[in-house]
Amino acid sequence: MKNASIGDYFSARRGFYRMTKNTEDLRQRRAQQPAIDVFDRKILAALAADSSQSYARLGEAVGLSAPAVHERVRRLRQSGAIKGMHAALDGAALGKPLLAFVHVEAAGWGKSERLMQVLRFPEVEEMHSVAGDASVLFKVRTASPQDLEAFLAQIHAVPGVTGTRCYVALSTYLERPVQAGVTDSWPDMPRPE
């Protein structure tokens with residue numbers, strides 16, 4: 001029996017399919033991303049520290065000409081390595097000093113259309129689908145504990161949500177965007193004596 005759409009046939013004697021057509025092109029492949037080199041990482045680190053720098057200033061910082069930096073930034077944007085340029089805002093200065101991480105437990109997978117509607121609230125800074133005993137993790141910043149409670153009420157109103165665990169940050173020692181650098185060699189862990 002021949003199936004012209006995929007070019008295979010069934011051998012009744014042998015009881016198996018044999019492919020007669022190369023199917024390599026059937027699966028969509030990701031476009032090959034150009035490798036990020038040392039100069040790209042330096043440019044990305046400089047932009048992460050201050051995205052308002054001119055190409056000339058970036059060039060001085062990384063040892064390239066302004067046109068070379070401009071071309072690299074254009075390529076990094078095209079590849080998706082640079083998603084956008086953003087201002088780093090201070091939550092407390094904007095009247096939202098309370099930072100919390102909310103683990104959402106749900107029956108089933110948990111990420112529903114109704115739960116996704118919670119993203120419309122500006123207090124939600126991040127939402128992640130996670131592995132473990134929670135299915136979704138939110139990073140939220142609110143004006144007060146009462147506002148956090150109101151947010152939690154919105155979460156608990158979602159059908160399928162079975163519980164939440166909330167972690168309120170007392171102090172923040174490090175908060176930064178994705179970093180351009182990578183650790184080439186992790187230090188050995190000290191052994192307990």
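Four strands form an open sheet in the order 5-6-4-7, with antiparallel pairing; two strands count as paired if DSSP finds at least two bridges between them. Helices (H or I, at least four residues) and strands (E, at least two) are DSSP runs, numbered from the N terminus. The edges of the sheet are strand 5 (124-129) and strand 7 (161-168), each of which pairs on one side only. Neighbouring strands of the sheet are turned by 20° against each other on average, direction ignored. Axes are lines fitted to C-alpha atoms, for helices over the stretch in contact, and angles run from 0 to 180 degrees between N-to-C directions.

The model is predicted: local features need pLDDT of at least 70 and side-chain atom pairs count only at pLDDT 80 or more, whereas totals for chains, interfaces and linings use all residues. Residues are numbered from 1 along each chain as its sequence is written, and side-chain values use heavy atoms, with hydrogens and water left out.

The protein chain has 5 helices and 7 strands, and from the N terminus on its elements run β-β-β-α-α-α-β-α-β-β-α-β. Of the contacts in the protein chain with a separation of 6 or more, 57% are between residues 24 or more positions apart; contact means heavy atoms within 4.5 Å. Buried residues make up 24% of the 193 residues in the protein chain. A residue is buried under 20% relative accessible area, exposed over 50%, and partly exposed in between (1.4 Å probe, protein chains only).

Within the sheet, strand 4 (residues 98-106) is joined to strand 7 by 7 bridges, and the two run antiparallel. Strand 5 and strand 6 pair antiparallel over 5 bridges, with Leu 137 of strand 6 as the bridge partner of His 128. In the hairpin of strand 5 and strand 6, 6 residues lie between the strands, and Gly 132 takes a positive phi near 120°.

Strand 6 is largely enclosed by the rest of the structure, because 7 of its 7 residues are buried. Both of its faces are covered: Val 136, Phe 138, Val 140 and Thr 142 are buried on one side, and Leu 137, Lys 139 and Arg 141 on the other. Not counting residues up to four places away in sequence, Val 140 touches residues including Leu 98, Ala 100, Val 124, Leu 148 and Phe 151.

Helix 5 (residues 145-156) packs on the sheet and touches strand 4, strand 5, strand 6 (136-142) and strand 7; the direction of helix 5 makes about 155° with that of strand 7. At 1.5 Å a residue, the 12 residues of helix 5 should span 16 Å, which agrees with the 16 Å between its end C-alpha atoms. The expected span is 1.5 Å times one less than the number of residues. In helix 5, Leu 148, Phe 151, Leu 152 and Ile 155 are buried. Seen down the axis of helix 5, the buried residues fall within an arc of 100°, so they line one face of the helix; the arc is that of the directions from the helix axis to the C-beta atoms. These buried residues pack against strand 4, helix 4 (113-116), strand 5, strand 6 and strand 7. The face turned away from the buried side carries the exposed residues Gln 146 and Glu 149.

A nonpolar core is a set of buried Ala, Val, Leu, Ile, Met, Phe, Trp, Tyr and Cys residues joined through side-chain atoms within 4.5 Å. Of the 16 residues in the largest nonpolar core, Phe 138, Val 140, Phe 151 and Ile 155 touch the most other members. Strand 4, strand 6 and helix 5 each supply at least two residues of this core. A second, separate core of 11 residues includes Leu 44, Leu 47, Val 69 and Val 73.

Ile 82, in the loop between helix 3 (66-79) and strand 4, is buried with a relative accessible area of 10%. Leaving out residues up to four places away in sequence, Ile 82 touches Leu 44, Leu 47, Val 73, Leu 76 and Arg 77.
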